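Welcome! Have the sequence and the 3D view ready, and try each exercise before you read its solution.

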Amino acid sequence: MKLWKQVRLITIGEIVFDYDELDVEFEVKCTDDNKSDLATIKIYNLSDTTLQKLKLNQDVSIDAGYRDIHGVIFNGIVESISTSRDENDFITTIEATPNNRAYANTIINRQFKAGIKASEVIKQIGTMCNFTMDIKELGKDTVYPNGKVFSGRLSNVIPILARDTGTISRFTNTTIEFKLPNKAYSSVLHLGAEQGLIRIDKKMDKADIKEKKGPQVESKNKSNVDKKISKSKFDLECLLVPLIKIGQLLEIESTLFKGRVVVKECSFVANGLESFTVLASVEVV
């Protein structure tokens, strides 16, 4: 993997801002529930003409990584625009959320028959919108004995179906997926020093803190020990490789930990010339 020559391409409306031509910074925070994702973009010293072209509700796309490995890490719309001065620089800050117009505005007005299963409802809704329904796995396939009626926005319908099926849902521009909250469905991505891993630190939970304060007591129940190990969580930092994303299964190779983890939260950070990293919270699988 060739990690050189940064790519930072921000598209807002019809305008493309390229890091090769002007200073561009961003921070993209992602969680399992992408309705809470947030992108903060900073662009330096824009002309008045360009500033006037930036509007609320415009489409936003962030393409980042390196010349030989980069990709879109965020799609959304502009929520706010502000410009401030810092000494000799004028900094325009854009905040964007992953609101997708089709996801937010598609109306589902349908009565489903008695005895229908939630999985069938999901499939039928897929025929009523411009999204592919990707059912990774359901925690339960709820049966609606009296049928089910939806009359509202797709963005309100999907969370109800996720709740009824014991899943979490995420959407992209083309796909809505349903998956179990504590399971990975991706192929394995190896991540060591050669692939850009900078550091990995174990997260301290209450049990760890308690053990650290008092004498260690050998567990009498091996299954409880194994269960605790399987739930270990780590924070890691690596170079900004766009393949690191929510739900990604990683094979970690480091002196602190060797094994497989799944990404639960991550932030893509491009700040100044040197800071170009992914900060991720991961859990052992």
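## Exercises with worked solutions

**Exercise 1.** Find the distance at which the side chains of R260 and E251 meet in a salt bridge.

*Solution.* Start with the rule: a salt bridge is a side-chain nitrogen of Lys or Arg within 4 Å of a carboxyl oxygen of Asp or Glu. The side chains of R260 and E251 meet this rule at 2.8 Å, N to O.

Before going on, note that this is a predicted model, where local features need pLDDT of at least 70 and side-chain atom pairs count only at pLDDT 80 or more, while totals for chains, interfaces and linings use all residues. Residues are numbered from 1 along each chain as its sequence is written, and side-chain values use heavy atoms, with hydrogens and water left out.

Next, look at accessibility, where buried means under 20% relative accessible area, exposed over 50%, and partly exposed in between (1.4 Å probe, protein chains only). R260 is partly exposed because its relative accessibility is 42%. E251, at 25%, is also partly exposed.

**Exercise 2.** Decide whether K258, which pairs with E253 in a salt bridge, is buried or exposed.

*Solution.* First, the pair: nitrogen and oxygen lie 3.4 Å apart. Then the surface: K258 has a relative accessible area of 58%, so K258 is exposed.

Finally, a network: salt bridges that share partners join K5, D20 and R67.

**Exercise 3.** Work out where in the chain R67 and D20 sit, given that their side chains meet in a salt bridge.

*Solution.* Begin with the distance, which is 3.9 Å from N to O. Now place the two residues, using strands (E, at least two residues) as DSSP runs numbered from the N terminus, with helices being H or I runs of at least four residues. R67 lies in the loop between β5 (59–66) and β6 (69–86), and D20 in the loop between β2 (15–18) and β3 (24–30), so the pair links distant parts of the chain, 47 residues apart. R67 is partly exposed at 41%, and D20 is partly exposed at 46%.

To close the topic, the salt-bridge count comes to 14.

**Exercise 4.** Locate L240 and list its contacts.

*Solution.* L240 belongs to the loop between β17 (233–239) and β18 (249–253). With 0% relative accessibility, L240 is buried. Contact means heavy atoms within 4.5 Å. Not counting residues up to four places away in sequence, L240 touches F26, A64, G65, Y66, F268, V269, F276, T277 and V278.
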